[in-house]
Amino acid sequence: MAFSDAVIDGRDSLLGRVANTEAIAGPVSPHEHIRRETLERIQHFLSKPQLRVYRDLKGMCERVSDSYRDRVVVELLQNAHDAHPAGAPPGRIRIALDPNEGACGTLYVANEGAGFAQRNFDALCSPTLTTKNVNEAIGNKGVGFLSVFQVSSHPEVYSRLSDTSGTFDGYCFGFAADGTLRTFLETEELGDHADQIIASMPRLYLACPASSFPVAVQKLASERFVTVIRLPLKSDDALTAVQRQLALLSAQTPPVQLFLPRIKELSVSMDPTIAATVLERHCEVLQVLDDTRLLKARCGIRSFIVAEKTVPHQTMLDIILRDIAAEALPEAWEDWTGDAIVSIAVAAHGDPLEPRLYNFLPMGEGAKAPFSGYLDAPFFATLDRLRVQDGVEVNTFLLDTARQLALDAAALALTSLSRSEARQAVLDLVLWNKTDAAMRERVLTSAVPLVPTVPVLGRSEDWATFQKAKIWNGDVFLSPPLGCSSHRLSHRGC
């Protein structure tokens with residue numbers, strides 16, 4: 001029998017088995033859905049094996065995965081956060097590395113959010129497909145999970161059908177190693193095509209139902225986690241990369257949990273024999289005025305003054321539609337959900353913060369906030385979320401919103417904080433980069449007293465506007481525009 005006949009026979013046999021399972025009435029189990037979806041993809045591949053589309057797709061997945069190098073842990077944290085529904089009580093995330101499990105160590109990421117549903121499985125196994133609307137979750141591009149293939153050739157997923165399930169009885173599967181995949185294919189009478197399938201199809205298309213649960217997974221189930229991602233690490237280099245990323249996460253510089261209100265506890269463990277680092281976020285609302293909130297947040301040993309401004313849904317959508325029309329945003333942004341939140345944070349005490357932009361989570365080291373603090377907004381970012389995209393009106397608008405938020409927060413800080421806290425917070429909030437002419441103009445013309453003064457002729461300490469304040473420099477009074485050489489103001493970048 002010719003090879004082409006063998007392919008046709010194998011395909012016809014497979015078509016029959018898939019058709020038989022589809023004829024079964026009622027909803028199918030997660031195990032059966034995983035099996036069906038994988039067989040249908042294989043069926044499609046075997047129908048025209050000479051086409052390069054699957055080989056090209058496999059190569060694309062590998063290149064996209066490589067673009068997320070050194071951000072695997074952040075992407076897994078992002079997905080774990082998104083599993084917790086907005087408006088629900090905040091939940092837990094555990095990230096644990098066992099460097100001695102398996103040949104090169106094993107990484108676990110567990111959360112107690114919503115379990116995997118059928119649509120989550122379908123999206124995970126389809127590059128660029130996502131179940132998340134823009135602004136309702138951190139991840140919405142559909143490619144973040146590909147990052148795990150940088151460190152693990154065969155990731156595994158274990159999930160409950162509901163948070164009341166006693167064990168992982170939902171979507172439990174793995175993108176299996178070659179041996180396990182061959183066994184699956186042989187069971188489905190496709191063993192003769194195993195080499196061709198393994199060589200040509202993206203591993204993301206070849207999910208195999210899990211038949212057993214590792215001990216560590218069972219333990220996480222007993223601790224009431226809902227979903228666990230298990231990554232057997234593929235090399236010593238992968239282990240080193242994960243250890244480096246976990247160390248950065250634990251150091252909290254910058255703190256990853258600061259703008260993650262859905263998470264009450266993030267624990268990070270680099271070795272089961274060593275106590276985990278627990279990252280928490282505690283917030284106290286200091287004042288609310290119209291669309292602006294001022295809070296004091298504590299993450300670890302550091303405290304922050306945080307301000308948030310709400311941007312109405314329709315305001316965002318109008319700008320988004322203009323960007324889509326100008327081909328500056330993908331059409332998926334048309335499904336924008338809810339209001340936008342723009343947040344800024346500065347140190348409550350101690351040294352000023354190293355500037356950093358956030359897109360819920362910290363962006364790359366080169367993504368600097370324009371002041372001594374953190375700026376978080378739903379920016380349209382590069383695929384790897386390392387920097388903000390240029391030439392996008394939405395990003396320009398969010399930055400301008402942050403300028404106004406900084407001034408509004410400074411005004412609230414004057415009445416909400418002690419004088420010593422306000423002296424630092426207000427200056428950190430309003431003294432932006434000297435290249436930011438728009439912010440400089442707002443600050444210098446503001447009617448809000450933003451400059452702390454010292455006693456003069458028996459008057460008590462007070463605050464003054466930049467128009468009225470004077471800086472003493474030797475024997476001459478200098479107005480603020482000329483007085484930025486003073487240590488305090490020049491330190492803030494005036």
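The model is predicted: local features need pLDDT of at least 70, side-chain atom pairs count only at pLDDT 80 or more, and totals for chains, interfaces and linings use all residues. Residues are numbered from 1 along each chain as its sequence is written, and side-chain values use heavy atoms, without hydrogens and water.

**Stop 1: the sheet.** Select the eight strands in the order β5-β4-β3-β6-β2-β1-β7-β8. They form an open sheet with mixed pairing. Strands (E, at least two residues) and helices (H or I, at least four) are DSSP runs, numbered from the N terminus. Two strands pair if DSSP finds at least two bridges between them. β5 (207-209) and β8 (277-280) stand at the edges with a single partner strand each, so one side of each lacks a neighbour in the sheet.

**Stop 2: strand β2.** Select residues 106-111. Six of the six residues are buried, meaning under 20% relative accessible area with a 1.4 Å probe, protein chains only. Thr106, Tyr108 and Ala110 point one way; Leu107, Val109 and Asn111 point the other way. Six bridges join β2 to β1 (residues 91-98), antiparallel. Asp98 has Thr106 as its bridge partner. Six bridges also join β2 to β6 (residues 227-232), again antiparallel. There, Val109 stands opposite Ile229.

**Stop 3: two helices.** Select α10 (residues 313-325) and α11 (residues 393-416). Their axes are 8 Å apart, at about 145°. Axes are lines fitted to C-alpha atoms, for helices over the stretch in contact; angles run from 0 to 180 degrees between N-to-C directions. Contact means heavy atoms within 4.5 Å. Among the residues that meet are Met316 and Ile319 in α10 and Phe397 in α11.

Key. Buried means under 20% relative accessible area, exposed over 50%, partly exposed in between (1.4 Å probe, protein chains only).
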